[in-house]
Amino acid sequence: MQICRLRENHLRDALELVWEVFDEFEAPDYDEMGVKTFQHFIEYHAMRDRLEKNEMKFWGCYQNSYLVGVIALREGQHISLLFVRKRFHHLGIASRLVRVAISDVRASKPAIPQITVNSSPYAVGFYETVGFEAMGPEQKKDGIRFTSMKRSLEL
């Protein structure tokens with residue numbers, strides 16, 4: 001498996017993977033408003049603009065030339081998207097993607113003390129296993145359920 005930074009020419013594939021996994025694992029826990037809010041967030045043109053403005057960074061994990069996982073950082077320190085195809089769950093891919101994001105934050109913004117994520121209900125347990133802790137109870141905004149979490153970047 002290989003992890004590499006994704007550019008605009010791979011963005012559609014990355015967003016299709018994100019939608020596929022969201023639809024399978026997350027959408028059942030959301031109401032119609034939450035699903036529409038998420039669809040709006042991952043809309044290609046808006047995401048491409050964020051990528052071009054360097055507001056978002058994407059990495060993909062490939063098995064041969066098949067994209068199996070994606071992570072995106074917003075504002076250089078917030079995990080905005082982390083999705084792995086179902087048949088590749090429990091192989092350490094998400095953990096590897098998180099390590100890549102952490103390495104990028106440490107290299108590009110060394111003064112940043114922590115990395116954050118708004119975890120879906122499905123992923124809270126995973127984030128806890130890779131060192132994140134909840135900053136409060138689950139919340140709901142625009143139909144999206146999430147738990148704000150953080151992980152210290154101190155060595």
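Which residues of α3 are buried? Let's start there. This is a predicted model, by the way.

The buried ones are Y44, M47, R50 and L51. Look at how they sit around the helix. Their arc around the axis is only 125°, so they lie on the same side of α3. There is a general rule behind this kind of pattern. An α-helix has 3.6 residues a turn, so residues three or four places apart point the same way.

What do the buried residues of α3 pack against? The partners are β1, residues 2-6, plus α1, α2, β2 and β4. Just past the end of α3 comes N54, with a positive phi of about 60°.

Now take M47. Leaving out residues up to four places away in sequence, M47 touches L11, L15, F41, I42, M56, F58 and L81.

Next, the largest nonpolar core. This core has 27 residues. F38, M47, F58, L81 and F83 touch the most other members. Several elements give two or more residues to this core, including α2 (32-41), α3 (44-52), β2 (56-63) and β4. The most comes from α1, with eight residues.

Last stop: H78. You will find H78 in strand β4, residues 78-84. Is H78 buried or exposed? H78 counts as buried, because its relative accessibility is 9%, and the cut-off for buried is under 20%. The side chain of H78 makes a polar contact of 2.7 Å with the side chain of T116. Beyond its neighbours within four places in sequence, H78 is also in contact with A72, L73, V117 and N118, among others.

Note on methods. Residues numbered from 1 in each chain as written. Predicted model: local features only at pLDDT ≥ 70, side-chain atom pairs only at ≥ 80, totals over all residues. Heavy atoms only, no water. Helix = DSSP H or I, 4+ residues; strand = E, 2+ residues; numbered from the N terminus. Buried < 20%, exposed > 50% of the residue type's maximum accessible area, 1.4 Å probe, protein only. Polar contact = N/O pair within 3.5 Å; in protein donor to acceptor, adjacent residues only side chain to side chain. Contact = heavy atoms within 4.5 Å. Core = buried A, V, L, I, M, F, W, Y, C linked by side-chain atoms within 4.5 Å. Arc of directions from axis to C-beta.
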